Amino acid sequence: MQGDVLTLEELATFLKVSETTTYSLVRSGELPGRKVGREWRFVRSQILAWLMSGTEGNMAEANGMVQLGEDGGEYKVEGGREYVAMWLPLTRQEKAAQVEKAAREGVMLSELVADYLRDWAKED
């Protein structure tokens, strides 16, 4: 039947997560799939079985895995703490500059990023 086999991109859409999250699950061996040549392929029925085999609310299984929240945002739980993914308006060069500045000044990177975001928000 057509549609029984999914590409990585189609699987990400099917799971309603980013392609990055999907690829991480594939690389970790969490998702059942097979590489055909240089491309990954997934059988829809195996993916559905994988989804149904999970237990809701089991934090031990979800620990460290990026998950999609009810509001559509990505988050992960590590050590009993929830971390929310946030997309920052930084180029790679700006990020590298912030990392270097934090190391040079001996401060936490998160403080510099918070300052950067406050300045960025004022510009708009």
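## Close-up views of a predicted model

**View 1. Trp40 and Phe42 form the aromatic pair of this predicted model.** Trp40 counts as partly exposed, since its relative accessibility is 23%, whereas Phe42 is buried, with a relative accessible area of 0%. A search of the whole structure finds one aromatic pair. In that pair, Trp40 and Phe42 are stacked, with 6.2 Å from centre to centre and 15 degrees between the planes. Both residues are also in contact with Leu8, whose other contacts, leaving aside neighbours within four places in sequence, are Thr22, Tyr23 and Val26.

**View 2. The protein chain as a whole has six helices and six strands.** From the N terminus on, the order of these elements is β-α-α-β-β-α-α-β-β-β-α-α. Of the 124 residues of the protein chain, 18% count as buried, and the accessible surface comes to about 9700 Å², with 52% of this area belonging to carbon and sulfur atoms. Among contacts with a separation of 6 or more, 36% are made by residues 24 or more positions apart.

**View 3. Helix H1 (residues 8-15) has Leu8, Leu11, Ala12 and Leu15 as its buried residues.** These residues lie on the same side of H1, because they cover an arc of only 100 degrees around the helix axis. The elements that cover the buried residues of H1 include strand E1 (5-7), helix H2 (19-27), strand E3 (39-43) and helix H3 (44-53). Just after H1, Lys16 takes a positive phi of about 60 degrees.

**View 4. The largest nonpolar core has nine residues.** Its members are Leu6, Leu8, Leu11, Leu15, Leu25, Val26, Leu31, Phe42 and Ile47. Two or more residues of this core are given by each of the elements H1 and H2, and the largest share, three residues, comes from H1. In soluble globular proteins, nonpolar side chains tend to be buried together. Phe42, a member of this core, is also a partner in the stacked pair with Trp40.

**View 5. Strand E3 pairs with both E1 and E2.** E1 and E3 run antiparallel and are joined by three bridges, and within this pairing Val5 stands opposite Val43 in E3. Strand E2 (residues 34-36) is likewise joined to E3 by three bridges, and these two strands also run antiparallel; here the bridge partner of Arg34 is Arg41 in E3. The hairpin of E2 and E3 has two residues between the strands, and in this hairpin Gly37 takes a positive phi near 65 degrees.

**View 6. Gln98 lies in helix H5 (residues 92-105).** Is this residue buried or exposed, given its relative accessible area of 14%? Gln98 counts as buried, because a relative accessible area of 14% falls under the 20% cut-off. Not counting residues up to four places away in sequence, Gln98 touches Leu109, Leu112, Val113 and Tyr116.

Notes:
Residues numbered from 1 in each chain as written. Predicted model: local features only at pLDDT ≥ 70, side-chain atom pairs only at ≥ 80, totals over all residues. Heavy atoms only, no water. Helix = DSSP H or I, 4+ residues; strand = E, 2+ residues; numbered from the N terminus. Buried < 20%, exposed > 50% of the residue type's maximum accessible area, 1.4 Å probe, protein only. Contact = heavy atoms within 4.5 Å. Areas by Shrake-Rupley, 256 points an atom, 1.4 Å probe, with all protein chains shown as cover. Arc of directions from axis to C-beta. Core = buried A, V, L, I, M, F, W, Y, C linked by side-chain atoms within 4.5 Å. Pairing = 2+ DSSP bridges. Phe/Tyr/Trp six-rings, centres within 6.5 Å; stacked < 30°, edge-to-face > 60°.
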